[in-house]
Each structure stands twice: as structure tokens, then as C-alpha cells.
Amino acid sequence: MSASVNEKQVNPSVIYKLILIGLSIPIIFISLLSGIMGTFGYGTVLVNGELITGIAALPASLLIGLAFIGVFTAVFGTMIFIGLWCYSKFRPLKIKVSD
């Protein structure tokens, strides 16, 4: 049996989806931890130079975390997309998918 080579292009949305998923879990965890610490009075949540403490620190830290996820996904996704696109102009990109 010979393995057939199936060449396909990587859709840019796959790059963004992988980065979004990969960044979401650790950043949400750090934001949640920061919000919980801010709730108990630790100075971990800073918005526009103002220290947020108490119960308001939890939603503020989660919103900041979501903003970081969005910005990082857009910036890093675009840089990775451009880098892979440039690389593909010189050499074919081969990706192995395992089950």
C-alpha cells in the first residue's frame, strides 16, 4: 500500500483559532487569579492608573484578560500568518496530522 500525498493549503482561520485557544486558557487563568487576589485587597488590578480592589477587581481583571487575548491573537496571528506565507514562497510547508 502506498500512502497518497494529499496537498492542501492551511486556512488562515486555523492559525488564528489555534492561537486563540492556546492563549485563552493561560491568560484567563492568570486573569482569574489576579481578580481573586484583587478581591482580597492585593494590588494586582490596575486600570488607567487606578488600583481596583474588592469585588470590582474580578470582572475588571477578566475584561482585561479578554482584551489581552484579542490583541495578542490579532497581532501574533497576523505575524505568524505573514511568516508562514513568506516561508511557503521558498519551501513547501508540510504538516503531519496525527489521530
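**View 1. Two helices and two strands make up the secondary structure of this predicted protein model.** The elements run α-β-β-α from the N terminus on. Helices (H or I, at least four residues) and strands (E, at least two) are DSSP runs, numbered from the N terminus. The radius of gyration is 20 Å, well over the 13 Å that the globule rule gives for 99 residues, so the protein is more spread out than a compact globule. That radius is taken over C-alpha atoms, and the globule rule is 2.2 Å times the number of residues to the power 0.38. The C-alpha trace spans about 65 × 30 × 15 Å along its principal axes. Residues are numbered from 1 along each chain as its sequence is written.

View 2. Buried residues make up 17% of the 99 residues. Buried means under 20% relative accessible area, exposed over 50%, partly exposed in between (1.4 Å probe, protein chains only).

**View 3. Phe 68 and Phe 72 form one of two aromatic pairs in the structure.** This pair is tilted, with 5.5 Å centre to centre and 45° between the planes. Rings of Phe, Tyr and Trp (its six-membered ring) pair if their centres lie within 6.5 Å; planes under 30 degrees apart count as stacked, over 60 as edge-to-face and the rest as tilted. Phe 68 and Phe 72 are four residues apart in helix H2 (residues 57-90), so about one helical turn separates them. Phe 68 is partly exposed, at 43% relative accessibility. Phe 72 is partly exposed too, with a relative accessible area of 29%.

**View 4. Phe 72 also pairs with Phe 76.** The pair is tilted: 5.6 Å lies between the ring centres and 35° between the planes. Both residues sit in helix H2, four residues apart, about one turn of the helix. Phe 76 counts as partly exposed at 37% relative accessibility. Phe 68, Phe 72 and Phe 76 form one aromatic cluster. In this predicted model, local features need pLDDT of at least 70, side-chain atom pairs count only at pLDDT 80 or more, totals for chains, interfaces and linings use all residues, and side-chain values use heavy atoms, with hydrogens and water left out.
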